[in-house]
Structures are given as C-alpha cells and as structure tokens.
Amino acid sequence: MLFSTASEVYFGVNAVGARIWSLLPPASRTFSELCAALSAENPEVDEARIREDAREFIERLMSSGLAIASPAAEPFSDAPHS
C-alpha cells in the first residue's frame with residue numbers, strides 16, 4: 001500500500017507493483033533497465049507485456065503524485081530493450 005500525501009489517495013499494489021516500486025531510481029537508471037530486471041525475473045512473460053504493464057503502472061504512480069519523472073528520464077516506449 002502506498003499513500004500520496006499530495007492527493008491523500010491510497011494506492012494498492014500487488015507483488016509486481018511492489019517490485020516495480022523497488023526498481024525505481026536509484027535501483028534502476030532507466031526504464032529499459034527496470035524492464036530488463038523484471039524480464040529476467042519473469043522469463044515466462046513476454047517482454048512487450050512487461051514494458052506495457054510497467055509503463056502503465058509508473059504513469060499511474062506519476063498521476064497520483066507518488067513518482068515524478070526526472071528531466072533526463074528515458075521516455076516510455078515499447079521499443080525493444082537493447
């Protein structure tokens with residue numbers, strides 16, 4: 001469970017959401033790095049699905065005021081990790 005003090009909203013997360021939260025900077029430097037870690041931990045899940053789900057989750061965090069984008073942040077794209 002996360003709580004946004006800015007919007008006073010509780011944000012429920014499952015195990016994958018908690019893992020994404022733990023991989024946010026400084027644990028991962030880029031979105032691709034975050035997705036690569038999730039992909040390595042969940043090889044049965046298609047990487048495109050991981051990227052889409054992670055992008056949606058992070059966008060929800062940002063819209064709830066629980067995360068902010070760095071000015072140098074890598075854009076969320078569905079391009080394959082290289």
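Q: At roughly what angle do the axes of α1 and helix α2 cross?
A: This is a predicted model, where local features need pLDDT of at least 70, side-chain atom pairs count only at pLDDT 80 or more, and totals for chains, interfaces and linings use all residues. Residues are numbered from 1 along each chain as its sequence is written, and side-chain values use heavy atoms, leaving out hydrogens and water. Helices here are DSSP runs (H or I, at least four residues), numbered from the N terminus, and axes are lines fitted to C-alpha atoms over the stretch in contact, with angles from 0 to 180 degrees between N-to-C directions. The axes of α1 and α2 (residues 31-41) come within 10 Å, and they cross at roughly 140°.

Q: Which word describes how α1 and α2 lie to each other?
A: Under 35 degrees counts as roughly parallel, over 145 as roughly antiparallel, 65 to 115 as roughly perpendicular, and the rest as oblique. The crossing is at roughly 140°. So α1 and α2 are oblique.

Q: Which residues in α2 do Arg19, Ile20 and Leu23 in α1 meet?
A: Contact just means heavy atoms within 4.5 Å. Arg19, Ile20 and Leu23 sit on the α1 side. Their partners in α2 are Leu34, Ala37, Leu38 and Glu41.

Q: Which element gives the most to the lining of the second largest pocket?
A: α1 (15-23) and α3 (47-63) are the elements that give two or more residues to this lining. With 5 residues, the top contributor is α3.
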